[in-house]
Amino acid sequence: MADIVFAILAIFALVGAFGMISFHSPIHSALSFIVTILALAGIFALLSAPFLFAVQIIVYAGAIMVLMLFIIMFLNVRESNFPKEPNKFISMFFGSILLLPVNIFIVRAFLKMPEKSMEIVEDGFGNIGSLSMELFTRWLLPFEAISILLLVALVGAVVLARKEES
Amino acid sequence: MSETAVIIETIVKAVVVLSVVAGMGAFATWIERKVLAFMQRRLGPMHVGPYGVLQLAADGIKLFTKEDIIPQNALKPIFVLAPIVAATSAFVAMAAIPYFPEFTVFGYTVHPIVSDINVALLYVMGVASVGIYGPLLAGMSSANKWSLLGAARAVVQILSFEVVSGLSVLAPIMMIGSLSLIDINDFQSGGVTNWLLWKQPLAFLLFAIAGFAETNRSPFDTIEFEAEIVSGFATEYSGMRWGLFFVGEYANMITIAVLVSIIFMGGYNPIWFIPGAIVMLLKVSFWIFLFLWVRAAWPHVRPDQLMWVCWKVLMPLALVNILITGIVLV
Amino acid sequence: MTVKNFKTLFENRYFIEDSGAFIVEKSNILDALHVIKNRDNYTLLLDMTAVDYLKKDSSKARFAVIYILRHSDFSQILMLKVYLDATLTLPSVTSLFKSANWAEREIWDQYGIQFQNHPNLKRILNHKEFIGHPLCKDYPITQGQLCTKTDDLMDEMTPLLKSKGYENFEDLMFLNLGPAHPASHGTIRNFVALEGETIVSTVSEIGYLHRGFEKSCENHTYNQIIPYTDRLNYCSAILNNIAFAHTVEGMLGVEIPQRAQYIRVIIGELSRAIDHLVCLAAMLVDMGALTNYWYLYNPRESVYTLLSKLTGARLTNSYMRIGGVSRDFYEGFEEDLRYSLKDIQKGVGDTLKLIAHNRIFHDRTQNVGIIKKDEALNRGITGPNLRACGIAYDLRVAKPYYGYDTFDFNIPIGSTGDVYDRMMVRFEEIEQSIYIIKQAMKRIPKGDIMLNNHSIALPSKQSVYTSIEGVMNQFKLIYEGVKVPSKEYYDAIEGANGELGFFIVSDGSGTPYKVKVRPPCFYAMSALPSMIEGGMIADAVLSLGSLNIIAGELDR
């Protein structure tokens with residue numbers, strides 16, 4: 001059962017990802033990306049990580065992609081303003097050939113992993129309590145570092161977005 | 001229990017929730033018209049059926065048989081997708097809501113919740129927040145300036161108030177220590193005095209206000225307010241496509257009513273001799289009525305005033321509330 | 001006359017016509033208006049119009065332009081007249097009076113008279129594809145024209161935006177608020193440039209409901225015009241009837257019987273009350289306060305029932321006649337009236353209970369759509385909209401007619417001139433109108449309701465059926481109309497929206513030579529852009545509603 005669901009979600013994720021890079025209009029690309037994000041959220045749920053699942057939906061689907069679409073909407077780009085991409089699919093093909101060694105490496109790494117069932121591991125796995133315990137004890141320093149990084153990005157964005165006073 | 005049985009049970013529950021809530025949503029439109037009518041010294045629908053009850057059916061027939069118009073310059077796939085997103089997200093959010101206490105039929109214990117997720121509250125709010133794509137995509141794809149304005153208002157308003165509702169609900173969660181709605185409900189068992197409403201009055205108020213804004217109800221119905229932006233994101237929609245937005249909106253209203261009842265008003269714990277299921281129904285009905293009452297009584301605010309209230313009043317208050325709760329708990 | 005300064009400064013350069021109008025030379029008009037405005041305090045340019053003398057007496061000149069001004073004590077008016085030479089040009093006075101802007105555009109549109117240095121001289125009531133100038137006497141009334149092209153208004157918008165420092169308009173969104181917008185209450189088009197939801201600049205286009213009222217008047221007898229006046233401000237049709245009949249009676253030099261005067265006061269005040277009810281109800285709906293709509297509209301319904309019993313029609317009553325009113329009160333009228341007044345008071349009271357102390361209502365209306373005192377006067381705004389700015393100008397007090405000076409009532413005034421003030425002034429005026437009606441009902445005398453003058457009033461049916469004089473009087477009056485002596489005359493009453501005046505030129509026949517309405521909306525509407533620029537769309541909707549623009553009167 002879990003395998004079937006996983007397969008469906010994985011297909012959704014892949015189709016969405018492919019759509020994102022192949023669509024011409026930014027709106028369609030963004031929408032395909034949302035499909036990928038939701039499929040990934042489903043995979044998190046399948047992995048018995050409900051918190052990650054919910055956060056994936058709230059943060060990525062519910063906020064970040066909304067803002068992306070919002071920006072696309074307000075930029076009001078016309079069809080004629082899009083860059084022409086005549087050899088898009090050929091470049092994509094060569095790009096994937098270039099990436100082939102990396103992919104092979106990843107696949108081999110996966111194959112070496114021990115076989116494990118994706119059924120529910122135990123109660124309390126992946127919920128907020130255990131996740132926060134990990135985050136705030138073992139990974140406290142990286143966690144705070146990431147927070148600072150995000151803060152820097154935020155301040156940078158505000159500075160960049162401010163209109164130059166003329 | 002075998003896996004198949006779980007799947008069948010879940011599907012049955014999902015169908016029941018979907019049909020009951022859709023039915024309630026439709027009925028709520030009739031209630032809304034009647035309640036508003038009586039508050040406004042008129043009768044409301046009277047001609048179709050006794051007291052106009054069959055107006056629902058008439059409206060349904062009208063919506064289904066109306067000409068389906070898609071504007072020439074609209075982005076057709078997105079235009080078609082938007083109402084479906086709006087309705088689906090509203091219903092999917094209900095999967096993690098426990099409506100009634102568990103009960104036993106023919107020796108089979110039924111948990112009236114489609115899926116008991118341990119982060120149910122987060123899930124409901126998350127999926128409900130995905131509902132924002134409905135108005136956003138509708139406004140973007142309609143090729144109409146009013147729709148665009150409506151979509152802009154929708155995104156700004158709903159995203160902002162999600163912050164308030166998320167932060168306000170954090171304080172009760174800190175007290176309970178769980179995101180499961182069943183745990184939240186059980187925390188308040190033992191009578192009216194145990195309701196979280198008394199321990200977290202500020203959070204309750206903030207959450208209720210945010211609920212009004214997120215469901216686009218008056219006085220915060222800026223998203224599709226007729227006198228200003230014609231019909232907002234739904235300007236170009238007609239027939240059942242428009243109907244789906246409408247159904248989604250009412251489903252959202254019911255979700256918020258249920259959430260407030262569970263989080264702050266004791267959920268489905270029985271009061272005195274009244275069984276939990278009836279208590280829950282009464283609370284939800286009260287909230288729906290409150291939505292209508294407010295709509296009848298108040299003018300609505302301007303979008304920029306709404307943002308001012310959200311970011312400069314409600315959000316700081318929510319943060320202060322969290323801080324105080326934290327200090328008290330520690 | 002308190003035009004001392006003008007008389008001394010312009011000695012020998014003016015003369016006075018029979019109508020009392022001061023005639024000045026075309027070259028002097030700007031100076032003359034400057035002196036009259038700044039030295040003699042005629043600060044309100046009520047109206048401007050032109051007369052085409054082609055079929056009357058074109059010995060002096062074919063066209064004349066007339067300026068009607070009101071003194072700052074509001075009781076006296078002054079007419080200034082300029083005869084035009086063959087070039088048909090005149091200097092624009094928009095630098096002195098902003099109200100002249102649209103008025104001059106209208107004259108250009110209707111008569112083809114050009115105003116030099118006018119900022120934007122283009123057609124206003126007729127379509128831009130229209131050929132010719134319809135109020136010229138040589139333009140046949142039957143000559144219709146099919147105009148199809150819409151105006152994108154960028155010819156006005158572009159210079160306006162350039163003057164505000166916008167070079168390219170890529171960041172702006174252009175939006176048409178109207179002509180078919182839920183909040184335009186009729187067909188008015190406001191073309192706005194938006195930055196976000198903030199309105200940067202506005203251009204208004206009116207004339208969608210222009211149906212040639214003034215041209216029609218020139219082809220009908222005086223009594224036939226009364227139904228046309230119903231369609232000006234259709235929310236208070238009877239006040240338009242009264243204004244027109246009052247002006248014609250002034251030209252005839254007659255005073256109508258006491259009872260008719262009282263009836264006009266009572267029904268007129270009732271019309272004022274329901275006009276305000278409509279304005280307030282619609283505004284509150286624009287604000288989302290839906291319930292108040294029924295609270296205010298239901299009493300209006302009961303007044304309409306009463307009016308249909310009294311006049312035979314609900315909306316367009318045509319109740320007045322030259323020389324009186326068409327019918328006396330029916331039996332039981334007093335009872336119905338008392339019931340209706342109680343209804344109105346209940347509706348107003350309930351509405352005020354809902355909004356008077358409502359924070360949302362205050363935030364939405366206070367300091368929104370402000371218009372300052374001086375600006376309002378300069379723009380020619382009158383009525384509740386002017387009183388909301390704090391100027392206590394009401395013709396019922398400034399120049400009482402129909403015995404208004406014997407009634408005890410107050411004129412409510414505002415202080416800031418925002419939407420809130422305009423609404424509250426109207427709420428209070430409804431109360432005051434009811435107070436006046438109650439006093440009038442107590443004092444109303446018995447007697448005739450029509451003048452007993454066979455050249456003005458129709459004879460009784462009894463005499464028509466039994467005597468040859470009666471038949472002839474009836475016949476002459478119906479076929480030829482009331483014969484009004486040759487005159488040029490302006491008179492006004494306090495309409496629901498402000499000073500509702502008629503300027504009538506007669507030539508001794510039963511048909512007016514020219515009729516010009518002074519519609520209060522027209523001048524209020526021209527002030528809208530200055531009120532809404534810098535605000536939000538939501539504010540613009542409220543500002544428009546608070547001015548109570550009635551398209552029938554605006555476009556005529």
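**Figure 1. The largest nonpolar core has 300 residues.** The model shown here and in the views below is predicted. Within this core, the residues with the most contacts are Val119(B), Val124(B), Leu136(B), Ala151(B), Leu69(C), Leu80(C) and Ile549(C). In soluble globular proteins, nonpolar side chains tend to be buried together. One of the residues named, Leu136(B), touches Val66(A) and Leu69(A) of chain A as well as Ala151(B), Ala154(B) and Val155(B) of chain B, leaving aside residues up to four places away in sequence.

**Figure 2. Chain B meets chain A through 21 residues of chain B and 16 residues of chain A.** On the side of chain B that touches chain A, α4 (120-130), α5 (133-141) and α6 each supply at least two residues. The largest share of that side comes from α4(B), with 7 residues. By class, the residues of this side of chain B are 17 nonpolar, 3 polar and 1 charged. Leu136(B), with Val66(A) and Leu69(A) among the residues that it touches, can be found in this view.

**Figure 3. Chains B and C share the most contacts of the 2 pairs of chains in contact.** Here 25 residues of chain B are in contact with 26 residues of chain C. The elements of chain B that give two or more residues to this side are α6 (145-176), α10 (226-229), α12 (276-297) and α13 (303-329). The most comes from α10(B), which gives 4 residues. This side of chain B is made up of 13 nonpolar, 4 polar and 8 charged residues. Chain A and chain C, by comparison, are joined by no contact, and their closest C-alpha atoms lie 9 Å apart.

**Figure 4. Chain B is built with 13 helices and 2 strands.** Its radius of gyration is 20 Å, close to the 20 Å that the globule rule gives for 330 residues, so chain B is as compact as a globular protein of that length. Along the principal axes, the C-alpha atoms of chain B fill a box of roughly 60 × 50 × 45 Å. Of the 330 residues in chain B, 49% are buried. Among contacts in chain B between residues at least 6 apart in sequence, those that join residues at least 24 apart come to 78%.

**Figure 5. Chain C contains 21 helices and 15 strands.** For its 556 residues the globule rule gives 24 Å, and the radius of gyration of chain C is close to that at 23 Å, so chain C is as compact as a globular protein of that length. The C-alpha atoms of chain C fill a box of roughly 80 × 65 × 50 Å, taken along the principal axes. Buried residues account for 51% of the 556 residues in the chain. When contacts in chain C between residues at least 6 apart in sequence are considered, 68% join residues at least 24 apart.

**Figure 6. Strand β4 (residues 63-70) of chain C is mostly covered, with 8 of its 8 residues buried.** In a regular strand the side chains alternate between the two faces of the sheet. On one side of β4(C) are Phe63(C), Val65(C), Tyr67(C) and Leu69(C), and on the other are Ala64(C), Ile66(C), Ile68(C) and Arg70(C); both faces are covered and these residues are all buried. Leu69(C) is also among the residues with the most contacts inside the largest nonpolar core.

**Figure 7. Strand β3 (residues 44-52) of chain C runs antiparallel to β4(C) and is joined to β4(C) by 8 bridges.** Leu45(C) has Leu69(C) as its bridge partner in β4(C). Leu44(C) stands opposite Arg70(C) in β4(C). In β3(C), 9 of the 9 residues are buried, so this strand is largely enclosed by the rest of the structure.

**Figure 8. β4(C) and strand β5 (residues 77-83) of chain C form an antiparallel pair over 7 bridges.** The two strands make a hairpin with 6 residues between them. In the turn, Phe74(C) has a positive phi of about 70°. Leu69(C) has a bridge partner in β5(C), namely Leu78(C).

**Figure 9. Helix α9 (residues 290-311) of chain C has 22 residues.** From its first C-alpha to its last, α9(C) reaches 31 Å, close to the 32 Å expected at 1.5 Å a residue. After α9(C) comes Gly312(C), with a positive phi near 95°.

Key. Residues are numbered from 1 along each chain as its sequence is written. Chains are lettered from A and ligands numbered from 1 in the order in which they are written. Two residues are in contact if their C-beta atoms, placed from the backbone, lie within 7 Å. Ala, Val, Leu, Ile, Met, Phe, Trp, Tyr, Cys and Pro count as nonpolar, Asp, Glu, Lys and Arg as charged, and the others, Gly among them, as polar. A nonpolar core is a set of buried Ala, Val, Leu, Ile, Met, Phe, Trp, Tyr and Cys residues joined through C-beta atoms within 7 Å. A residue is buried if 20 or more other C-beta atoms lie within 10 Å of its own, exposed if 12 or fewer, and partly exposed in between; C-beta atoms are placed from the backbone. The radius of gyration is taken over C-alpha atoms; the globule rule is 2.2 Å times the number of residues to the power 0.38. The expected span of a helix is 1.5 Å times one less than its number of residues. Two strands pair if DSSP finds at least two bridges between them.
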